[in-house]
Amino acid sequence: MNILLFVMLGLFVFMMFRRNKKTKEQAATLQSQFAPGVEVMTSFGLFGRIVEIDDAENKVLLELSPGNTATVHRQAVTKIVEPVLAAEEPAVVPNDASSLTIEKSESIAPVNDAPRDETPEETLRRLSDEGKKDS
């Protein structure tokens, strides 16, 4: 029984070191891709473009918008944002408004046959009558 506990503890420690090693490798791979002009996201959700990298002090200068910059720690940059390419489908614009109207046969059928100009008392009476039909 004791041997099984030591084996499980050893397996747990091995898995923990292996996971840490993978995380460090991923971070090193990510940080090797840093270069000025790369769009990135920080761990706190700030998006920007890398302007300058200071390896000596582990700082990255990000341009958030034209004229606005922020300096963050190198490890705060957690993701490289790939630019999304917009699908180039030409927008179809009708020449007239005929495509925007719905013909009578295609129109949506009314949910119930309630008259449009009924008073609140008539609405209550109609709803209570409908409730009696259901029960």
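# Predicted model: fold, core and salt bridges

Along the sequence, the elements of the protein chain come in the order α-β-β-β-β-β-α. That makes two helices and five strands. The model is a predicted one.

**Whole chain**

- The protein chain has 135 residues, of which 12% are buried.
- Its accessible surface is about 11900 Å², and carbon and sulfur atoms account for 59% of that area.

- Six bridges connect β3 and β4 in the antiparallel sense.
- K59 has H73 of β4 as its bridge partner.

**Nonpolar core**

- Eleven residues make up the largest nonpolar core: L30, F34, V38, V40, I50, V60, L62, V72, A76, V77 and I80.
- At least two residues of this core come from β3, and at least two from β5 (77–80).
- V40, a member of this core, has contacts beyond its neighbours within four places in sequence, and these are with F34, L46, F47, G48, I50, L62, V77, K79, I80 and V81.
- Of these contact partners, F34, I50, L62, V77 and I80 are also listed in the core.

**Salt bridge between D55 and R74**

- D55 and R74 form a salt bridge in which the closest N and O atoms are 2.5 Å apart.
- D55 is in the loop between β2 and β3, whereas R74 is in the loop between β4 and β5, so this pair ties together parts that are 19 residues apart in sequence.
- The two partners fall into separate accessibility classes: D55 is exposed because its relative accessibility of 54% is over the 50% cut-off.
- R74 is buried because its relative accessibility of 12% is under the 20% cut-off.

**Other salt bridges**

- K59 and E57 meet through their side chains in a salt bridge, with an N to O distance of 3.2 Å.
- K59 counts as partly exposed, at a relative accessible area of 37%.
- E57 is also partly exposed, with a value of 48%.
- K59 therefore takes part in a salt bridge with E57 while being partly exposed, and its bridge partner in β4 is H73.
- Another salt bridge joins the side chains of R126 and E118, at 2.8 Å from N to O.

**Backbone at N58**

- Most residues other than glycine have a negative phi.
- N58 is not a glycine, yet its phi is positive, at about 55°.
- N58 is placed in the loop between β2 (47–54) and β3 (59–65), the loop that also holds D55.
- With a relative accessibility of 34%, N58 is partly exposed, because this value lies between the 20% and 50% cut-offs.

How values were computed:
Residues numbered from 1 in each chain as written. Predicted model: local features only at pLDDT ≥ 70, side-chain atom pairs only at ≥ 80, totals over all residues. Heavy atoms only, no water. Helix = DSSP H or I, 4+ residues; strand = E, 2+ residues; numbered from the N terminus. Buried < 20%, exposed > 50% of the residue type's maximum accessible area, 1.4 Å probe, protein only. Areas by Shrake-Rupley, 256 points an atom, 1.4 Å probe, with all protein chains shown as cover. Core = buried A, V, L, I, M, F, W, Y, C linked by side-chain atoms within 4.5 Å. Contact = heavy atoms within 4.5 Å. Pairing = 2+ DSSP bridges. Salt bridge = Lys/Arg side-chain N within 4 Å of Asp/Glu carboxyl O.
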